[in-house]
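We will go stop by stop.

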Amino acid sequence: MGRWCRASGAKGVRRRGRGRAPQTWIADKDMHHLTARLRAPWRELRIAAGAAGLLLASGGAAFADDSARLTDATAWKAWDFTPDIVIATALVVAIYVSGMVRRRDAATPVPMARHALFFGGVAAVFISLQSPIDAIADRLFLVHQIQHLLLRMVGPMLLALSAPEALLTAGLPQALRRKALAPAASNRAVRALFGVLGHPAVATLLFIAALYVWELPRLHDYAV
């Protein structure tokens, strides 16, 4: 690799390569632009983390679900923001947005339809677990089945159709991608396993099996 040095009397940064490689100049404004682009994803992460904190601080007290006092008048106001769902959702969204920022100048940009599918899938899962649907599902069979449809079918299928792996990977911190994700992705056993699980026939059987296994009374009771 070459070394960086500042030329006297100049307003730029000159990179000297090895051998006969040509010298290139990077203006100060370009350096500032590059630095801003590198910092942008982390700014999105901080904003999402702050929003999650405010949501937990205000929502938990204002919209806590009190099952004993749930009535027809209050049922559709029973939002229940729990830390495990709120933080996990905010983290996934922040990573995805970070990937969008990092890949915004890619040669083949991701279509807006795929972004809509991703955020729609996340919203479907979040609403099924945190909205009044979760509270009313314990009392109305119809709403209970709507919750199952959102959580098991609508949300996962929208996420799968969005094919978010490229943006989620790009949104991760570089150290995590290099030290954890890259070794796992290059591992032959891991690649073979995901190749089998991703086969249409296997994926369909696993999807149907999950619907039936979930209804086993003992496993269902453990989950709820």
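## Stop 1: a patch on the surface

Select Met 157, Phe 207, Ile 208 and Tyr 212. These residues form a nonpolar patch on the surface, and together they have about 420 Å² of accessible area. Keep in mind that this is a predicted model.

Which helix gives the patch its largest share? Select residues 200-214. This is helix α9, and three residues of the patch come from it.

Now pick out Ile 208, which lies in helix α9. Is Ile 208 buried or partly exposed? Its relative accessible area is 39%, so it is partly exposed.

## Stop 2: the nonpolar cores

Next, select Ala 75, Ala 124, Ile 133, Ile 136, Ala 137, Val 143 and Leu 150. These seven residues make up the largest nonpolar core. Colour two helices as well: α4 (132-136) and α5 (141-162) each supply at least two residues of this core.

In soluble globular proteins, nonpolar side chains tend to be buried together.

Zoom in on Leu 150. What does Leu 150 touch, leaving aside neighbours within four places in sequence? Its contacts are Ala 124, Ser 128, Ile 133, Gly 155 and Pro 156.

There is also a second, separate core of five residues. Select Val 110, Phe 118, Val 122 and Leu 167, which are among them.

## Stop 3: along helix α2

Select residues 83-102. This is helix α2, with 20 residues.

Which residues of α2 are buried? Show Val 86, Thr 89, Ala 90, Ala 94, Ile 95, Tyr 96, Ser 98, Gly 99 and Val 101.

## Stop 4: from Gly 99 to Pro 173

Along the chain they are 74 residues apart, yet their C-alpha atoms are separated by 10.0 Å.

Where does Pro 173 sit? Find the loop between α6 (165-171) and α7 (174-186). Pro 173 has 26% relative accessibility, so it counts as partly exposed.

## Stop 5

Finish at Ala 163, in the loop between α5 and α6. Check its backbone: phi is positive, about 45 degrees, although Ala 163 is not a glycine. With a relative accessible area of 24%, Ala 163 is partly exposed.

Terms used:
Residues are numbered from 1 along each chain as its sequence is written. This is a predicted model: local features need pLDDT of at least 70, side-chain atom pairs count only at pLDDT 80 or more; totals for chains, interfaces and linings use all residues. Side-chain values use heavy atoms; hydrogens and water are left out. Patches are made of residues with over 30% relative accessible area and no salt bridge: like charges are joined within 9 Å, nonpolar side chains (Val, Leu, Ile, Met, Phe, Trp, Tyr) within 5 Å. Accessible areas come from the Shrake-Rupley method with a 1.4 Å probe; for residues, only the protein chains shown count as cover. A salt bridge is a side-chain nitrogen of Lys or Arg within 4 Å of a carboxyl oxygen of Asp or Glu. Helices (H or I, at least four residues) and strands (E, at least two) are DSSP runs, numbered from the N terminus. Buried means under 20% relative accessible area, exposed over 50%, partly exposed in between (1.4 Å probe, protein chains only). A nonpolar core is a set of buried Ala, Val, Leu, Ile, Met, Phe, Trp, Tyr and Cys residues joined through side-chain atoms within 4.5 Å. Contact means heavy atoms within 4.5 Å. The expected span of a helix is 1.5 Å times one less than its number of residues.
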